[in-house]
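Here's a quick tour of the charged side-chain pairs in this protein. Have the sequence and model open as you read.

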Amino acid sequence: MVSHKVAIIGGAGSVGATVAYAILLRKCASEILLVDLDAERCQAQVLDLSDAAFLSDTRVRVGTYREAGQCDVIIITAGAKQRPGETRMELIGRNRAILSTVLDDMKPFKQTATIILVSNPVDVLTYFAQKLSGLPQGQVIGSGTFLDSARLRVELAAKLGVAETAVHAYVLGEHGDSQFVAWSSAHVANSPLLGFEQIKNANLDELSEKVMKKAYKIIEAKGATYFGIGGVAASLIESILLNQKHVRPVSHYQPDLGVCLSFPAVVGTTGVVATLKPPLNEQETKKLNESAAALKKVIQQYEKEQ
């Protein structure tokens with residue numbers, strides 16, 4: 001049996017531990033390494049996860065940064081939260097510093113390793129991780145709008161009375177304020193989404209806003225979100241380790257735009273195997289360019305201040 005190893009940086013946190021649990025349930029990895037500066041809490045997460053060991057043959061243990069660099073897939077959940085009064089640039093600066101330290105501590109990387117960023121702002125950090133890691137661009141990806149797209153499909157499936165898997169619709173661009181839905185290319189099975197009466201009568205702007213703001217509603221009530229991103233990360237890991245080549249909207253580098261943002265991509269052993277850009281109408285193309293410009297502005301402003 002092929003041995004597949006996954007490392008989770010920030011494994012002591014709620015997101016990291018939930019990612020580990022989701023991988024354990026999917027049974028797609030032989031070993032999971034939790035890596036964190038908080039050694040005591042990290043060990044506690046390993047002990048807690050070991051109580052679910054009867055569900056899977058996957059081994060979970062505490063690992064080092066150097067060991068993580070030799071894993072097949074590396075999930076980075078570590079990152080700072082915004083402080084009161086802190087600017088976005090200051091937050092990006094702190095998270096880039098954390099990212100740089102983490103990546104340096106893991107070097108040298110296994111040359112076939114794939115890095116998945118879930119820390120926010122995910123698109124900006126994915127861009128920096130590609131620069132700092134030295135790995136091929138396709139092997140450094142961000143969770144991007146995968147979760148946003150999943151939330152969108154659930155909403156649409158409920159309106160249409162079909163299974164979520166029958167809905168093919170994507171949130172594109174930045175995972176954040178400038179994200180948008182590619183309505184014009186969305187389908188249900190082989191039928192255009194916009195042709196359904198339930199959709200013709202729906203307020204699409206309101207639906208887009210609901211999807212984008214869902215996380216805020218959860219955070220307001222319970223302080224954090226982690227089940228959704230845990231499922232997203234496990235799905236990406238499974239597609240990479242088993243070379244399933246599922247199509248997922250992930251953040252990855254777009255040469256024509258000069259930034260990392262989300263487009264549907266074929267995800268396999270080498271990370272992003274191919275990008276599948278859906279046809280966009282004029283309004284959606286404008287939103288895409290605006291989203292890319294917003295991300296590029298943030299990156300250039302940060303680099304200018306250094």
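## Ground rules

A residue counts as exposed when its relative accessible area is over 50%, as buried when that area is under 20%, and as partly exposed in between. Keep in mind that this is a predicted model.

## The D256–K277 pair

With that cut-off in hand, D256 is exposed, because its relative accessibility is 56%. Its salt-bridge partner is K277, with the closest N and O atoms 3.2 Å apart. The two sit in distant parts of the chain, 21 residues apart: D256 is in the loop between strand 12 (246–254) and strand 13 (259–268), while K277 is in the loop between strand 14 (271–275) and helix 10 (282–305). K277 comes out as partly exposed, at 41% relative accessibility.

## The E164–R153 pair

E164 pairs up with R153 in a salt bridge, and here the closest N and O atoms are 2.9 Å apart. This one also links distant parts of the chain, 11 residues apart, with R153 in helix 6 (146–160) and E164 in the loop between that helix and strand 7 (167–168). R153 is buried, with a relative accessible area of 11%, whereas E164 is partly exposed at 30%.

How many salt bridges does the structure hold? The count is 12. Another of them joins R61 to E67, whose closest N and O atoms lie 3.2 Å apart. R61 is buried at 18% relative accessibility, and E67 is partly exposed at 32%.

How values were computed
Residues are numbered from 1 along each chain as its sequence is written. This is a predicted model: local features need pLDDT of at least 70, side-chain atom pairs count only at pLDDT 80 or more; totals for chains, interfaces and linings use all residues. Side-chain values use heavy atoms; hydrogens and water are left out. A salt bridge is a side-chain nitrogen of Lys or Arg within 4 Å of a carboxyl oxygen of Asp or Glu. Buried means under 20% relative accessible area, exposed over 50%, partly exposed in between (1.4 Å probe, protein chains only). Helices (H or I, at least four residues) and strands (E, at least two) are DSSP runs, numbered from the N terminus.
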